[in-house]
Amino acid sequence: MNNAEAEDLYEMANLHPRHTGLPMVIWVSERGNAQHDIRIKVSMDHAPRINIHNTAAVGVRPPGVIAGFLRSADQQLVFRWIKLNEATLVDYWNGTIDTVELVQQLKALPIP
């Protein structure tokens, strides 16, 4: 991981499965200096701990895997979660809401 990637990670809010309904940790961020459209990082591991070296980048508009790999079932769950929370993710990306408001507004997928 280079310095820019480490700095980007530092600026991301990590969200654990108990708050998202997803089986993995995800990270969301504000736009900052990004030259790309909104995306999130998704852990490829089903674990409550963070392993930034094993992640996929997933675009939000429209949902799609940009880098890395997600199993089909995981991909569909992440896409559902993105659709459920798209407006909130966009507001956070644009700096319209802060991290506290992000956490308050995000909706979790129902846990089966």
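Arg 31 lies in the loop between β2 and β3; helices (H or I, at least four residues) and strands (E, at least two) are DSSP runs, numbered from the N terminus. This is a predicted model, in which local features need pLDDT of at least 70 and side-chain atom pairs count only at pLDDT 80 or more, while totals for chains, interfaces and linings use all residues. Residues are numbered from 1 along each chain as its sequence is written, and side-chain values use heavy atoms, with hydrogens and water left out.

At 35% relative accessibility, Arg 31 counts as partly exposed; buried denotes under 20% relative accessible area, exposed over 50%, and partly exposed in between (1.4 Å probe, protein chains only). Leaving aside neighbours within four places in sequence, Arg 31 is in contact with Trp 93 and Asn 94, where contact means heavy atoms within 4.5 Å. The C-alpha atoms of Arg 31 and Val 90 are separated by 9.4 Å, although these residues are 59 apart along the chain.

## Sheet and packed helix

Five strands form an open sheet in the order β1-β2-β3-β4-β5, with antiparallel pairing; two strands pair if DSSP finds at least two bridges between them. At the edges are β1 (13–15) and β5 (64–67), each of which pairs on one side only. From one strand to the next, the twist averages 35°.

Helix α3 (residues 72–93) packs on the sheet and touches β1, β2 (26–28), β3 (39–43), β4 and β5. The direction of α3 makes about 140° with that of β3; axes are lines fitted to C-alpha atoms, for helices over the stretch in contact, and angles run from 0 to 180 degrees between N-to-C directions.

## Strand β4 and its partners

β3 and β4 run antiparallel and are joined by five bridges, and Ile 40 has Val 58 of β4 as its bridge partner. Strand β4 (residues 55–59) also pairs with β5 in the antiparallel sense, over three bridges. In β5, Val 65 is the bridge partner of Val 58, and Gly 64 is that of Gly 59. Five of the five residues of β4 are buried, so this strand is largely enclosed by the rest of the structure. Thr 55, Ala 57 and Gly 59 point one way from β4, and Ala 56 and Val 58 the other way.

β4 and β5 form a hairpin with four residues between them. The loop between these strands contains Pro 62, which is joined to Arg 61 by a cis peptide bond with omega of about -5°. Most peptide bonds are trans.

## Nonpolar core

The largest nonpolar core has 25 residues; such a core is a set of buried Ala, Val, Leu, Ile, Met, Phe, Trp, Tyr and Cys residues joined through side-chain atoms within 4.5 Å. Among the residues with the most contacts inside this core are Ile 26, Ile 40, Val 58 and Trp 81. The elements giving two or more residues to the core are β1, β2, β3, β4 and α3, and the largest share, eight residues, comes from α3. Beyond neighbours within four places in sequence, the contacts of Ile 40 include Ile 26, Val 28, Val 58, Val 78 and Trp 81.

## Confidence

The mean pLDDT of the protein chain is 89, and 89% of its residues reach 70 or more; pLDDT is the predictor's confidence in each residue, from 0 to 100. Among the elements, helix α1 (residues 3–10) has the lowest mean pLDDT (47) and α3 the highest (97). Over residues 1–7 the pLDDT is below 50, and this stretch has four contacts in the model beyond near neighbours in sequence.
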